[in-house]
Amino acid sequence: MAQRIEEERSGRKQAPVIEPGHTFGSVTDQISSIVLNRPTSTGWFIGFGFFFMLTMMLLYALAYLFLKGTGIWGVNIPVGWGFAIVNFVWWIGIGHAGTLISAILLLLRQSWRNSINRFAEAMTLFAVASAGIFPLIHTGRPWLAYWLFPYPNTMRVWPQFRSPLVWDVFAVSTYFTISLLFWFIGLIPDLATLRDRSENPFAKIIYGILAMGWRGSARHWHRYETSYLLLAGLATPLVLSVHTVVSFDFAVSIVPGWHTTIFPPYFVAGAIYSGFAMVLMLAIPIRKIYNLEDFITERHLENSAKVMLATGLIVAYGYVMEAFLGWYGGSKYDAFLLWNRLHGPYAFFYIMLWVCNIIVPQVLWIRKLRTTPAALFLISGVVLVGMWLERFIIVVVSLQRDFLNSSFGMYYPTRWDWMTYIGTIGMFLAAMFLFVRILPMISIFEMRTLLPEAEVKE
Amino acid sequence: MAEEAKPRRAEDVCPSKKSALDLTTVEAALAQTKGPECWRSLEELSGTPEFQEMMHREFPKGASEWLDGVSRRGFLRLMGASMALAGMTGCTKLPLENIVPYVKQPEEFIPGRPLFYATAMTLSGYASPLLVESHLGRPTKIEGNPEHPVSQGATDIFAQASLLELYDPDRSQTTTYRGDARSWNSFLQATRGMLSVQKGLQGAGLRVLTQTISSPSLNDQMRSLLKLYPQAKWHVYEPVNRDSVNAGAQIAFGQAVETRYNLDKADVILSLDADFLYAGFPGFTRYVRDFSKRRNPDGAINRLYAVESTPTSTGLKADHRLPLRASEVEEFARTLAAEIGGGGGGASAAAANAKFVAAVAADLKAHRSASVVIPGDHQPPAVHALAHAMNQVLGNVGHTVEYTEAVDANPISHGDSIRDLAADMRAGKVDLLVILGGNPAYDAPADLGFADLLMKSGVALRVHLGLYQNETAELCHWHINEAHYLESWGDGRAYDGTVSIAQPMIEPLYDGKTAVELVAILNGQSGTRTHEIVQAYWQKEHPGADFDAFWRRALHDGWIAGTTFAPKAMALKAGGIPAASALGPAGIEINFRRDPSVHDGRFSNNGWLQELPNPLTKITWDNPVMISPAMADRMKLKGEDMVELAVNGAKAVAPVWVQAGHPDNSVTVFLGYGRRRAGRVGTGAGFDMYPLRTAAAPSFAAGVQMRATGETYKLASTQGYQTMETPVGSRPLVRVADLEEYRKDPKFAQEDEPPKDLTLYTPYDYASQTYAWGMTIDLNSCVGCNSCMVACQSENNIAVVGKEQVVKGRHMHWLRIDTYYQGDRANPAAHFQPVPCMHCENAPCEVVCPVGATVHSTEGLNDMVYNRCVGTRYCSNNCPYKVRRFNFLLYQDWETPQYKMMRNPDVTIRSRGVMEKCSYCVQRINENRIDAERADTTIPDGKLQTACQQVCPADAIVFGNINDPNSRVSKLKAQARNYSLLGDLNTRPRTTYLAEVRNPNPELSA
């Protein structure tokens, strides 16, 4: 309905969210067969094997880190935070798109989300898991990091609740829990479908256990809908709050470049921006490889591109305001920060940040590019790099030269920094490979609601 | 610095009889069984006596076999066995130790409370009176002797760092013959024959090479040696010596004298290339104290002019500074002397300096008998003679300048002495060479080829006494491990002649010998101990019946009353000043300077000093070549570019450092680096510059060829930017005004700070507490001598991290000195700003710590709870002063036993992953609080001193209770010059600064 009105208003035809000609049966067949019938390709093994090796590299890097200490990284005084925090913020931002798609768009009844929400949620989960590694390992004594949790103890010592790092602990752990529940509950009807259709007895048992006795009765559906909606309601504020709290890590401090009130909205927008970029980077090859163009249509690509364009502009506003206030604010420290970003040793990265996050994505105004998968894939890659640079600029360049000229320093990442970062990318993608292989990457039952047959006739 | 523990064989640990049972046999026995049987048979086995014996050994015999070829089954079996046996053995058997309390406790000996003993450290003949803190017989901290007029409680970096030298595990630990360990007796036997031959020859083949000696007892020994062997010769050599000073005195007075300056009486001071405000200058602590006393802008502030060939902290502290090449200083002195009527003439300083000369001359003349001209040690004798003449003409002698007998017991020319020795060696006249300390193979003038002579000239017996197995020890037959001054008896004279007795703080760690003892052997008194010799000497000097009381008094006080040299009236010899020597102005000139940290190389293996930043460049672990900015531009060089220097055919390679204020067309190289055999710390650090230095030109030389090699070399600097300027304006970090500006607006340094209640949290009522600790640092007094940094390192067990970590920005100094340059790069002013923790009342670090590991005390201390710290480093990020230091790796050495003895037992050793920072010496606060509470009173002002305050020769650091309006710190904080660093951030720092006030000559500043 909404689509029709939109099309009438704009006077042009939008791509459908599901290609015509599908029936309940064909949707179920096509999605479930990817998991159940399709032979595991050599390409999958190569891809999974490669990313699994990167995961092992991550473990190697972490083992050495625990053995020697954070000194194997490039962090120092004054730059006490380096890649670990940059990667943490980057990953957790990426996770946000999944929650936005599954929760907020559900509440807004954006039915086009049905084809991408499942793997976007999976992406969220894996991204948050990748992110969650960093706060733990970046501490000097990771074996004591549990002291950040308010657990009852004989010492009667509690965390220091004024510290944003403690807020982080709550924000991230809540986020991970809700995301996991949301994803799992959404999976239950489809797990039951797989249970019913799989011929391998082992798979049948596993899917059977995971389906938690789903029989598809009306009562089941009723409870499912209620809990799903409730969880969506819980997850919705998290989309806004988690990255707000993450931004407090910076905003609450007094470091020039961190101490700014614009951070919460700018961080949330940036998170969704990078999240959609990651969704596109995953969706485009997946729909190609698994022939899912019918389900993930140009409409999805275009809508995601539009979200990126919108959030990208919010981010651009943030950058402009930061620069403007650096000049207008009258603080000599902020003015120097701006100078240092533009002319300091990391100026190249600041310029690249503008290019990647602001300039390049403007081509998304062109409709043709919004519907060209290859172009979108490239632009999304650029945005992901840009968003990583943004966190690098915020974390490193602000710390590098703050108040006392005598304490100006430099930060050079070491090979261990890179191994840890690339390792988490490997872990994330290895998990995605496993996910597309063993779980339905598109929600079968929700896709079926998009079919014309599903429309209830009065 | 982690010491690689020597691999120890199991037999070493457990030299017990051969056991009948070892792991292999246990394994074999177990291999016969399987399943549950295994456990049963283990039980049976464990009952046997062989098994018991095996379990009592620390390392099973088969331990080494574990490394290879254990099958999975075998491994699991062993694992099972070890699990089962864990309860049977519990722990290993350690040697029996009796822990019993003293039945009769030694007087004043309370475990946990330190004792303080007076002693003295001698550097190049000049003794620094010390008070050494000793915990249960282990010296742990060195302080200046507060009652001694030379020290007044202050010390220099070398004295502070000598503690690390005492415990240095790389120190020579045994007598060696050609590198192999030998007993002391075998040395005695080996020399006996040679000595009797020499006795027959009246010592014609005996040469003794010493360093500068002021010790009366050692001097006495040496004199009797020369009596015993009339043909023997006593040579003296140190690379950084006072030849010019002595030669200058010879010219002026015809004899060696000690020149003593009373800077507290001087209104105008002119330094002719003298670095008298840095450690190593005789009388340093006293001079800095007197100088700083006169830097109070509310009193009669002095004025310092400096003419220098190398920028030094002294010169940069000066109100007016004139950079001149070393050869031009003499010309300047002549012109100035002519101007004020002190002889000289024959030259006229370049017209560019005419204004400077005129202004200085006028100022000096206007302050007759209240001015002083101080010549630098490396300036030629003529400059010294001119300075003597000028001081005479200005009527300073008897007021600001006093002459006394020389402190050096044998004030001969070191350059001539080593040259004579080399000539004798070459001529084959030397049969027995005894080198008492020093390292001539490394630091003798290059053209003498001393190392080669040692090897090849056929000296039949070469004996070296030294703290380290250094380059010279390598080339000597015998090396005797020397006792450290903290381990031995001795005596020495301070710059004013006062004798201090050095008493041992600890039994020699490696049974080291002293020079006194070795000379006694040459004198045929083997078996006499140093203590007896020193005491016997003083008994001879003080024969009365009250010797015992005299001796005890001397040891207790740290000096012998009445030994201070009385001022002597000296008459200037007329017309003694030699004619101007012409050093061609063409070409590049090279200056040879002692390194501000490792001196002439003797402290190379001292990590505290290696990591101590150069006061000007802030570079650690290296000795780059200093060049002027203009020269760098001309030669297209920048910092860290490698250059090759060539003088008279000798070559050396080193990186360049562009030093603001360095005179153009001149380079400065620092000695003491590039050691081949210094120890694990010093070997290989920096670049050896001695090859460029000849006997003819030990201070500076002309005609240097310099070319870039095209390579670069990473230098480890501890300071990011050395200016307060930024492209968007200057930051008011060090606030400075001229005297006139200050008089007009005394509150120039103060700015509006945010109101006290501008915080989200309820402000704590510190005023209601008994104590509120605070500190002021007077930037006007501070001369940037670095003493506080080493004192802090020693007091607070601060780790040395090494060059690689310093490059990464991870040095651990709790207290640093920021040096900021201001003005023209060719001749800038510099400001020194010591930065400890500010102990902010609104501490930004505290609110961001997630675990509450950094918290505020009721007395206003920002405390670190190391145990609680998980190491997020957020506190450091949020600290605007960047005073927090993080243990990125395991920096502390937890293994080396010597270091365990050295550490302050009152301060925690930090492990890796933990943040640390200045604590205002909280251990001292608590110790004093306990004392005060026991006496039911409060800590009196001045009794409690932080380590940095205690060591500061300038008295720039004052710590105390700001709740007491009468405390010194409260009064200083009430001064108009008081300001908070970054006070606009509303951090409310407890450490505040007193702004700098300079006193320029209006004629020159116009």
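These legends walk through a few close-up views of a predicted model. Residues count from 1 along each chain as its sequence is written, while chains are lettered from A and ligands numbered from 1 in the order in which they are written. Since this is a prediction, local features need pLDDT of at least 70 and side-chain atom pairs count only at pLDDT 80 or more, though totals for chains, interfaces and linings use all residues.

**View 1. The nonpolar cores.** Here we look at the largest nonpolar core, with 403 residues. A nonpolar core is a set of buried Ala, Val, Leu, Ile, Met, Phe, Trp, Tyr and Cys residues joined through C-beta atoms within 7 Å; buried means that 20 or more other C-beta atoms, placed from the backbone, lie within 10 Å of a residue's own. Among those with the most contacts inside this core are A:Met123, A:Val279 and B:Leu272.

View 2. Domain 4 covers 243-404 and domain 6 covers 725-998, with bounds from an automatic or database domain assignment. Their centres, taken over C-alpha atoms, sit 35 Å apart. Between them, 17 residues of domain 4 are in contact with 16 residues of domain 6, contact meaning C-beta atoms, placed from the backbone, within 7 Å. On the domain 4 side, α10(B) gives the most, with 5 residues.

**View 3. An open parallel sheet in chain B.** Four strands line up in the order β11-β10-β9-β12, with parallel pairing. Strands (E, at least two residues) and helices (H or I, at least four) are DSSP runs, numbered from the N terminus, and two strands pair if DSSP finds at least two bridges between them. β11 and β12 (371-375) of chain B stand at the edges with a single partner strand each, so one side of each has no neighbour in the sheet. Zoom in on β10 (residues 303-308) of chain B and you'll find 4 bridges joining it to β11(B). B:Val307 stands opposite B:Leu322 in β11(B).

**View 4. A buried strand in chain B.** In strand β37 (residues 957-961) of chain B, 5 of the 5 residues are buried, so the strand is largely enclosed by the rest of the structure. Strand β30 (residues 773-778) of chain B pairs with β37(B) in the antiparallel sense over 5 bridges. Look for B:Thr776, whose bridge partner in β37(B) is B:Val958.

Note on methods. A residue is buried if 20 or more other C-beta atoms lie within 10 Å of its own, exposed if 12 or fewer, and partly exposed in between; C-beta atoms are placed from the backbone. Two residues are in contact if their C-beta atoms, placed from the backbone, lie within 7 Å.
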